[in-house]
Amino acid sequence: MSTETIEFQAEARQLLRLMIHSIYSNKDVFLRELISNASDALDKVRLAAYQDKELGAETDDLHVELVADPGARTLTVRDNGIGMTRDEVVELIGTIAKSGTAELLAKLQDAGDGDQARDLIGQFGVGFYSSFMVADRVELTTRKAGTGGGVRWESDGEGSYTIADVDDAPQGTAVTLHLKASDAEDQMHDYADPGVLRRIVKTYSDFITWPVRMTPEQTPDTESEPEPETLNSMKALWARPQKDVSDEEYAEFYRHVSHDWQEPLETMRLAAEGTFEYQALLFLPQVAPMDLYMRDARRGVQLYVRRVFIMDDCEALVPEYLRFVKGVVDAADLSLNVSREILQQDRQISAIRRRLVKKVLSTIGTLRDEQPEKYATFWEQFGRALKEGLLSDADNTETILGVSSFASTHATDGPTTLAAYTERMQEGQDAIYYMTGDSASSIQSSPHMEAFRDKGYEVLLLTDPVDEVWVDGVEGFDGTPFRSIAKGQVDLQSDEDKEKAEEQRTEFAGLCEWMTGVLEEEVKEVRLSSRLTTSPAVLVGDEFDMTPTLEKMYRAMGQEPPKVKRILELNPSHPLVTGLRDAQAAGTDASETAELLHGMALLAEGGELADPSRFVGLLAGRLERTL
């Protein structure tokens, strides 16, 4: 047998330290986590044995067993599930490979109070590590189903662990906790007390589909060894009548399937009978997981077939933009041997998926209408992900727009819905105006806003990265088109204003033509603007041009977008522009002033100068001549 002592990964060591000096007041949840892990292992061994008849796994009596020894102050949680190999033990327990670990730990260090730290670590899901809340030392013995040898892992959670090969390990995994002394003030119960264990299992794990057993202590009055008793009812929550399931039971089931430590924001149940039958129990979380926007994040809901677990993250059942939805779908007519590839093409799965999407979106709409505080929480956490559906789910575009909210120049008490925006539209307004940018404040101060602010038009302030993309692919909402205030021509003028603008176009034609030539490397056209009231100039794009913010996003991803020349619009009422017109008409070389004017417009929208040192030199020279 080979024995090794291995250092914990740095991130794992930090999480263990948090567990040992526990930030949780409710330490009972460690048992829920261990039983949940054991239940997953039993699901997996049954599926593996079904898929591979030669595996040699023992599946006759799959169960979880609790063994308490009050004298030795130990508690063992044992299952005869799939088990682990030596490499899997090192990977799953000695290392935290999950995306976002570094970000989580940085936030934990900044968290000033226990509640915030609890919320953060709850997002991460700690599972096995929670054992160290109640134990000074933890031993784990495991053998992978279908293999010959086992592995023993042991640690006090401080800095390292030992791992050794063993010959006599049964199939599955046994976790033995050497318990800390009970402490009523710290809510550290006596976890070697069978009564305490019964209460915890009934509270947190009653719905587990496998029996959780414990053999009662033999008393002097009993002649024979007591039979093991099953502590949980094993009733699938999604199969029970809704009126018979309490909110607390739903909350515990959500924690089981999501590995979140908080209650769900909303619970959804649906079922179908007839051509194909299924039952579903879905949840909206309260807080976005750390890896919501990471490429390798796990997503999907659990898939069962006639109460038999099939897979953990069935991506075919929920689209990627609803990846935050957790829960279970139990289908009646699928094959137990179905693969992920087959699921992608399965007609029944496609039909279930459509109904799940419809249910989730309608639930979000109900929250918006009837529980605005819950909706605000949902939108803050998941709105950005939901809007990804505007790019990928053409069938539900209108519905997604309807349940979405957007910051606006006129909605001072929070985001507005598009329905509310259209109700506030001015007489004669034929489009929903918007502008994209890095932040609401930068959009609000943009020169593009001047005429719209002056005339009282409402503008949506779109600041999420996904907004840069979907606005080009979605035509409008409820028959009203979207229109960017930073692209194309803007027509906000009265008939009188239009007559004056025509006169100004003639008056400034020479200046615009001359500046177009001077700035031909940078702009495609110089023209007069109807969107400016106080600024001298602004840069705009053609209707289908890429925005500067989208260009930055491409560069951040390592892709250089094609260069797009923009349009420089001038404010004919600004003294700088009229002075430039007069200087150019008088034959003065005003090319440097034209270059400065373009640079100012570029900086005003948050752009980057092609040659900053030249711009600074020109500006310094011009300022010097004014003194």
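Glu 65 and Arg 78 form a salt bridge in which the closest N and O atoms are 3.4 Å apart. Glu 65 lies in strand S2 and Arg 78 in strand S3, so the pair ties together parts that are 13 residues apart in sequence. Glu 65 is partly exposed, with a relative accessible area of 22%, and Arg 78 is partly exposed as well, at 33%. The model described here is predicted.

## A buried network of charges

The count of salt bridges comes to 36. Among them is the pair of Glu 252 and Arg 32, whose closest N and O atoms are 3.2 Å apart. Glu 252 belongs to helix H7 and Arg 32 to helix H2 (residues 29-51), so this contact ties together parts that are 220 residues apart in sequence. Glu 252 is buried, with a relative accessible area of 6%, and Arg 32 is buried at 4%.

Glu 252 also forms a salt bridge with Arg 255, with a closest N and O separation of 2.4 Å. These two residues stand three residues apart in helix H7, about one helical turn, and both are buried. Arg 32, Glu 33, Glu 252 and Arg 255 are linked in a network of salt bridges.

## Positive phi values in loops

Most residues other than glycine have a negative phi. Arg 73, however, has a positive phi of about 55°; Arg 73 is found in the loop between strand S2 and strand S3. Met 234 likewise has a positive phi, near 65°, and is found in the loop between strand S9 and helix H7.

## A negative surface patch

Asp 495, Glu 496, Glu 499 and Glu 503 form a negative surface patch. Asp 495 lies in helix H17 (residues 495-507) and is exposed, with a relative accessible area of 62%.

Conventions
Residues are numbered from 1 along each chain as its sequence is written. This is a predicted model: local features need pLDDT of at least 70, side-chain atom pairs count only at pLDDT 80 or more; totals for chains, interfaces and linings use all residues. Side-chain values use heavy atoms; hydrogens and water are left out. Patches are made of residues with over 30% relative accessible area and no salt bridge: like charges are joined within 9 Å, nonpolar side chains (Val, Leu, Ile, Met, Phe, Trp, Tyr) within 5 Å. Accessible areas come from the Shrake-Rupley method with a 1.4 Å probe; for residues, only the protein chains shown count as cover. A salt bridge is a side-chain nitrogen of Lys or Arg within 4 Å of a carboxyl oxygen of Asp or Glu. Lys and Arg count as positive and Asp and Glu as negative; His and the chain ends are not counted. The place of a charge is taken as NZ of Lys, CZ of Arg, CG of Asp or CD of Glu. Helices (H or I, at least four residues) and strands (E, at least two) are DSSP runs, numbered from the N terminus. Buried means under 20% relative accessible area, exposed over 50%, partly exposed in between (1.4 Å probe, protein chains only).
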